[in-house]
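User: I would like to learn how to read nonpolar cores and helix faces in a model. Please go through them one at a time.

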Amino acid sequence: MSGASLPASINSPVLRRAGGKPALSEQGLAETSEGEGLPLSVEMMDLKSGNVLIHGAAITPSPVLLWRLKVLLFLVWGISCCKISWDSVMRMSADLQDLFLYEAFLYYNPLLLVTFTVFLWGVNLWVFGQSSMSYSKVFDLNNNYLTHREILKCATWMAIVVPTSMTAYLYLYSHGEVSLAASQPVILYAIFVMVFIFPFDIFYLSSRFYFLRTLWRIILPLQAISFADFFLADILTSMSKVLSDLERSICRMVNHQVATIAWFEADSICGSHSIAIPLVLIFPYLCRFFQCLRQFRDTKERSSLLNALKYSTAIPVVFLSALKYHVLPANWTNFYRPLWLLSCTLNSLYSFYWDITRDWDLSIFSSVFKFKNPNLFTSLLYGRMWVYYWVLSSNLVLRCTWTYKLSAHLRHNYLTVFTVTALEIFRRFQWIFFRVENEWNKITSKTNSELKMEEMLNEESRLLGSSNHNV
C-alpha cells in the first residue's frame, strides 16, 4: 500500500483541504527550490484571487437594484405617513379639523417648500453639468462646490425628515399627547439650525459657510455685489411667503403657542394681523433694492436704478394689502383695494418686462439645453419654439399670480397660497436656466473680446518689431 502510486491530484505540489489554506508537499518544496514549482503555485493563487473576485461581484447588488429598492422603501414610507396622518386627522371633530390642519400646515409648509426648492436647484445643476457652460465660473466657486448629486441627496433627506416630523405631530396631537406633539416642530427647526451653523468639517462645511456668507452679504450690501449675491437675493424674493411663515412659526415657538389656541386671536403678538408679516414679506425686496443702489454707486449704470425701481414697486403691494386689517371696510373697498390692484398690475408687468429684456437673452434662448452628450431631453427642449411660448406665457401668468402670495389679507386660504408659492418657486426654477445662461454668455463674450484684443496687440508688436531693421 505504501508503494502504490498516488493520484496526480494528490501528488500535485499544491495540496488543498476543503475550506483550508494551500499546503506544499515535499515534492512541491523540492520543485520550488529548483524554480519549477513557483510558477504553478503563483498560478493557483491567481486562480484563487479570481474566484474571490468573482464571488464578491456575485454577492454585490447592482446600482440599479439598489436604486429600485430605495424607491420602493421611499414609496412605502410615504404611503405610511399619509395613512397615519389621515387617520389622525379623522380622529378629531369636524369643527376642529380645519384649524388643526391650518396650524400644522403653518409649521411644516415652509420646510416642505424649501425642500422643493432644493430639489429643483439640483435639477438646475444637473442641466448645467450636461451643457457646455461652467456654472462654477459663473458663481466664482472653488473646486469644492456641490454637484447635483449632493444637492439631490440633501433634498431626499429633507423629504424624509420633514414629513416624518409632521406625521408625528399629527399622530401625537390627535391621541392627546399635546406636549409631545408641540415638541416635534421645535425639534425639527432646531435640527435645521444646528446643521447650518455646525462649525465642524462635516456635512459640506465649505458650502454651508459660502451660503451663510452670501446671506450676510445680502443683508448688509457694504461691498461690491457679485453675481451670487443678487442671484440668491432674487431667489429669496420668490420665497418671501416662506420666510413670512417661518417667522410666524418661530414666533409661536418662542411664545409657547404651539398646539394651543392662543394664536387664534388675530391681534395677538403672533396673530394674523401682526405688523411683522408685511415687514418680513418685503424684506427680500428691500435687500435687492439696496443691492441695486450699491451697484449704481460702483458702476454708475442707469439700468441699476431702473432695476431698483422694479423692486420698489413690491412695497405698495404688501403694505396696501396689510392695511385691510387697520382701516374701515368701506375705505378698503372704495380706495385702498383699487390702489392695491393697480400696484399688483404695475409690479407684475414691470417684472415680466425686465425678465425678458434684461435677465434673459432671447437671441440664443434655450441653448442651455444643448448637452455635450445629446439625449431625449435635449431633442425635446433645444431649439424648440414651444419652449419660447411656454416660458414666456407661464412667466407672465405666474408673475401675475405672484402678487397673491404677497397679500396679507389672503393668507387664510392656506392651500391656495401654498399652491401659488410652489408655482412661483417653479417659475424661478425656469428663470434660473436662462439667467445663468445669459451670465455665462457675457463671461464668454468678454473673454473672447479680451483674447482678440491680446492677439491684435501681439500682431501689432510683431509688425513694429519687424519694421525696426537695419537698411
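Predicted model: local features only at pLDDT ≥ 70, side-chain atom pairs only at ≥ 80, totals over all residues.

User: Which residues of the largest nonpolar core touch the most other members?

Analyst: A nonpolar core is a set of buried Ala, Val, Leu, Ile, Met, Phe, Trp, Tyr and Cys residues joined through side-chain atoms within 4.5 Å; buried means under 20% relative accessible area (1.4 Å probe, protein chains only). Here the largest core has 33 residues, and Phe128, Phe139, Phe227, Phe231, Ile432 and Val436 touch the most other members. Two or more residues each come from helices 5, 6, 10, 17 and 18, helices being DSSP runs of H or I, at least four residues, numbered from the N terminus. Helix 18 gives the most, nine residues.

User: Which residues of helix 13 are buried?

Analyst: In helix 13 (residues 302-312) they are Ser304, Asn307, Ala308, Lys310 and Tyr311. These lie on the same side of helix 13 because they cover an arc of only 150 degrees around the axis, taken from the directions from the helix axis to the C-beta atoms. They pack against helices 10, 12, 14 and 15, contact meaning heavy atoms within 4.5 Å.

User: What does the UniProt annotation "transmembrane region" cover?

Analyst: UniProt positions are given in the numbering used here, feature names are shortened, and annotations may be inferred rather than shown by experiment. The unreviewed entry lists residues 65-86, 106-127, 154-174 and 186-206. In the model, residues 65-86 are 100% helix, with end C-alpha atoms 32 Å apart.

Conventions:
Residues numbered from 1 in each chain as written. Heavy atoms only, no water. Buried < 20%, exposed > 50% of the residue type's maximum accessible area, 1.4 Å probe, protein only.
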